[in-house]
Amino acid sequence: MHFISDYILVFIFFVLPVIFVIQPLFLNKINNLKNKIDLPSLKRKKRLLYRQIKELEMEFDIGNINQKDFKISRKELKIEVSEVITKLNSNKI
Amino acid sequence: MNPVAGGVALNLAFGFSILSIITLLIFIRNGDMRLFLTGQRLSLGISFFVFLSTFILWYQLIISNFDIDYVARYTSLETPFIYKISALWAGQSGSLLFWLFILSIFATITVLQNQSKHHGLMPWVIISLAIIQLFFLVLTNFVTNPFMPTDADFVVKNGNGLNPLLQNITMAIHPPTLYLGYVGFSVPFAFAISALMNRDTSPLWIQSIRRWTLVAWLFLSSGIILGGWWAYQELGWGGYWAWDPVENASFMPWLTATAFLHSIIIQEKKDMLRLWNMALIILTFALCIFGTFLTRSGVMSSVHSFTASSLGPIFLTFVFLILIVSFTLMFLRRSDLRSEKRIESFTSRESGFLFNNLVFVVMCFAVFWGTLFPVISEAVRGTKITVGPPFFNQINVPIGLILLALTGVGPLLAWRNTSKQSLIKNFTVPILSGLVAAVIFMAIGFKGSVVISFSLSVFVLATISTEFMRGIKARTKTFNESIVKALITMISKNRSRYGGYIVHVGIVFMFVGFTGHAFDKEKEFSLKIGQTDHVAGYEFTLLKLSETERSNHYAWISDIRVTDNKGEFVTNLYPEKRIYFHKNPDVNRRQPHSELDIYSTLNQDIYSIFSAIDNDNGIAFLKIMVNPLVRWVWIGGYILVIGTMIALWPRKD
């Protein structure tokens, strides 16, 4: 009985992890995701840029930034976000 | 569960880590995604086997399997359950396995979290984490294996038991918290190395590790504060920070990590300081490993030297390798790390942040120099010259005060440039508040750095209040909200900003607590039952001496009544004199220990130590300390944790 339980343990703790690890090697060739556009990262970048615009507006509202700098920074961020949106849209198509 | 399985699991984890690194390197070369998936799964496999071996060791500690040397060294049949659990990090091999365990948790989270993200970065992130895991697997497999059998030619019926100083509930929490901080910086470091390898030095990698850095910083800060709390509660010298080498070892990465947390804001918002940020995160991680080296090597004499060993050279080699490889990579990628933007004005938030960063790094260097001075002096002059708290205080108190001042100045500066009118508008109220406070404190009779510290605290609190008020005013004006609603919405919509300000409030309170140290008073005396003595306006009367036997020690308990100078009752204190391992027939192995009792208020702590007992004559030898404002250190710590949690709290987009 003890002998059998040892085999079960070896199966669970050694054989199963090894099967789990080598399983992808038996798949058909997968495309390299590295060369694809990283959609989640782009979406994340878009969210972060929107957040930066909101923070900038708040900085302006509480008087931490003057009007000239506010306008320049807002314009820069908007250009950046529109570039990201263009990339996202082109990838959807 | 057979303990042999623990050792085998560690062997397998070692093998998997090498395979993971090789597989991912081949993937980077040929781009076959099947290899990437295998490498990713091998990384999960390393963690699985590390978890398995850790749980097996925990199980052996709980069932008191003294056939294992580690279990016999750090537990006994009398060790309470909670300390059998904490014995995992009481000794060297166990604590290294614990390091690996936490790293494996973080590596698993990183791999699972980024399965469909950061395809460019992830291979090198996994390789970097696997190399760190490999280092600890080499140690736990071949240098100091926690599953080694007991080296005795007889059956071990009972173990040595845990060091009494470690039999404290804070000590069960403090090391894991500190380790979570130390190990947590592995992930940002891995992302930094990956960004360097991929030539991706845009702010995006910074944004993906910001949360990790904050989590690691939160744990490191909490670990340091808990360590101070443990020292205060347990070591019996009345303080919480002694500039001990191991304390310094945790403080140095905290300083560089704090600098990094501030400067990544500039990279996020302005895409500046790329090189500086890279250097800071590399230094922080190297200092974390260096901290583990200081704790484990025994190269320094420290109150933390529970497990001095010969691991020093191996750790030091690893630290040097990290620094050489990382800085060589930085040098090779220097053109990518160059930022196109420059700081435009001295009175800008960018320059405020940069100055704050420089001060943090200078402070880190001062602590580093003081900590290593005994080793350096011994190497150069052959004599070990120890640098004590006076050196550290002399250097770090002024630097700390500059940092405190900058905490107040930073938020009031605008990005790019602050106009003269804005400077006057923003700084008038806080500066006036600080000056008024300084005059009041001097009138009370305070002097020197005490006045500076208290008035700077007032100045910083005034700046933070001003920031909150301006934010609330802007919201009430724009959205017509009530003050409370405006405050809540403002914080929830700008969590990192206002969470950061709340952390600053915590830091101010901690400075108030530190400053109270200037007013400490203490006295040592002996009392017979019914006798009285006086300290700092309080009267201490010994009412009773009793004794009791508990599961893991024998204790003499003193009952001291404390009254104030008007004769009014304040409290009763019950400090204890304990003997651990009291049942051990070898008298030399019994360990005496003083268990303190503290009466704590916002104003001051009354700290009592039962130093010794003369049983024949019924005399208790006591030490009483009156420590003002200590509680503010812990309150500041709580606020710091709350502020960081606010900054960390995920938001809906």
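Modeller: A helix here is a DSSP run of H or I with at least four residues, a strand is a run of E with at least two, and both are numbered from the N terminus. In chain B, α8(B) is followed by R199(B), whose phi is positive, near 55 degrees. This is a predicted model, in which local features need pLDDT of at least 70 and side-chain atom pairs count only at pLDDT 80 or more, while totals for chains, interfaces and linings use all residues. Residues are numbered from 1 along each chain as its sequence is written, chains are lettered from A and ligands numbered from 1 in the order in which they are written, and side-chain values use heavy atoms, leaving out hydrogens and water.

Biologist: How do you know that the span of helix α8 of chain B agrees with what it should be?

Modeller: The expected span is 1.5 Å times one less than the number of residues. For the 12 residues of α8(B), 186-197, that gives 16 Å, and the end C-alpha atoms are 16 Å apart, so the two agree.

Biologist: What makes α8(B) mostly covered?

Modeller: A residue is buried under 20% relative accessible area, exposed over 50% and partly exposed in between (1.4 Å probe, protein chains only). In α8(B), 11 of the 12 residues are buried, among them F189(B), F191(B) and L196(B).

Biologist: Why is V50(B) called buried?

Modeller: Its relative accessible area is 0%, and the cut-off is under 20%, so V50(B) counts as buried. V50(B) lies in helix α2 of chain B, residues 33-62. Contact means heavy atoms within 4.5 Å. Beyond its neighbours within four places in sequence, V50(B) has contacts that include A13(B), F101(B) and L137(B).

Biologist: What makes E59(A) and R349(B) a salt bridge?

Modeller: The rule asks for a side-chain nitrogen of Lys or Arg within 4 Å of a carboxyl oxygen of Asp or Glu. For E59(A) and R349(B) the N to O distance is 3.6 Å, so the pair meets the rule. Across the interface of chain A and chain B the rule finds 2 salt bridges. Of the helices of chain A, α2(A) gives the most to the side that touches chain B, with 12 residues.

Biologist: How do you know how much area is buried between chain A and chain B?

Modeller: Buried area is the accessible area (1.4 Å probe) that two parts lose on being put together, summed over both. For chain A and chain B it is about 4000 Å², and carbon and sulfur atoms give 58% of that. In chain A, F13(A), I62(A) and N64(A) lose the most area to chain B, together 15% of what that side buries.
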